[in-house]
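Good morning, everyone, and thank you for coming. Please take a moment to look at the chain on the screen, and then we will go through it together.

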Amino acid sequence: MDRLIATIMTMVFATIGLPPSAAAKLTSRQQAGQRVVYSYAGLTPPPELLQGIRDGEVAGVIFFKENITGIDQIHGVVDQLNTANQQSPVKAPLLLMTDQEGGLVRRLPGAPVLSAKQVGQASNPIAAAEESGTTAGENLRSAGMNVNLAPVLDVYRQPGDFLDQFQRSYSQDPATVKDLGRGFVTAQQRITGVAATGKHFPGLGSAAAQENTDLGPVTLNVPLDTLRTVDEQPYTAGAKLV
């Protein structure tokens, strides 16, 4: 078991750019903190968060709509967080992220303009997905962020359901979702250097319109075979891009 834990720790720290030799020198609080992404209320990061970053006990920060009024404002916040991180004993970049899916779900003003559903309905969906991924990455990079919590790889079931009511799913066809998600991820990561995040594994495509993941867990009553062949299928392409 100890060997397994050591192997997992090595993989985690390699992901954030910290060599195992450096990770071994961290305190238990720092090792735990390097697995946690924090959020905060309002437009100004609290002193406690900045101190946690200086102490090496924060892996990253996620920004929500309430944290952002514009590119210049949030870039100033990012600069403040990075300045604190320069004092950290953990010599790895902060993971700075938000949800820049496109369409109705954009934390930053600007690109990508098209929603996932609009991408799926475009005359050239692959090109539209690649354009969305590229422009999303460029927008995030201009704000100083390095992770996008997108694209959505869920396969929606019914018009107006949990995902479709906000146009967050590319298609009802898992193969189409896989291809368009791969286009978004590949373009964003290779062209802009901003990391992508496929979500919401194992899939929220069967969730009903009245569901709300902000208020509590969602139970998906689907057969295991459906989960494997429909909901999880788009992730098989994304895993190969890591």
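How much accessible surface does the protein chain have, and what share of it belongs to carbon and sulfur atoms? The accessible surface comes to about 12,200 Å², of which 55% belongs to carbon and sulfur atoms, where areas come from the Shrake-Rupley method with a 1.4 Å probe, and for residues only the protein chains shown count as cover.

Before I go on, please keep in mind that this is a predicted model, in which local features need pLDDT of at least 70 and side-chain atom pairs count only at pLDDT 80 or more, whereas totals for chains, interfaces and linings use all residues. Residues are numbered from 1 along each chain as its sequence is written, and side-chain values use heavy atoms, with hydrogens and water left out.

The protein chain has ten helices and six strands, which are DSSP runs numbered from the N terminus (helices H or I, at least four residues; strands E, at least two). Of its 242 residues, 43% are buried, meaning under 20% relative accessible area, while exposed means over 50% and partly exposed lies in between (1.4 Å probe, protein chains only).

Let us turn to helix α4, residues 47-54, whose buried residues are L49, L50, G52 and I53. Seen down the axis of α4, these fall within an arc of 160 degrees, so they line one face of the helix; the arc is that of the directions from the helix axis to the C-beta atoms. On the other side of α4, P47 and E48 are exposed. The buried residues pack against β1 (37-38), β2 (60-62) and α5 (71-85), with contact meaning heavy atoms within 4.5 Å. After α4 comes G56, whose phi is positive, near 80 degrees.
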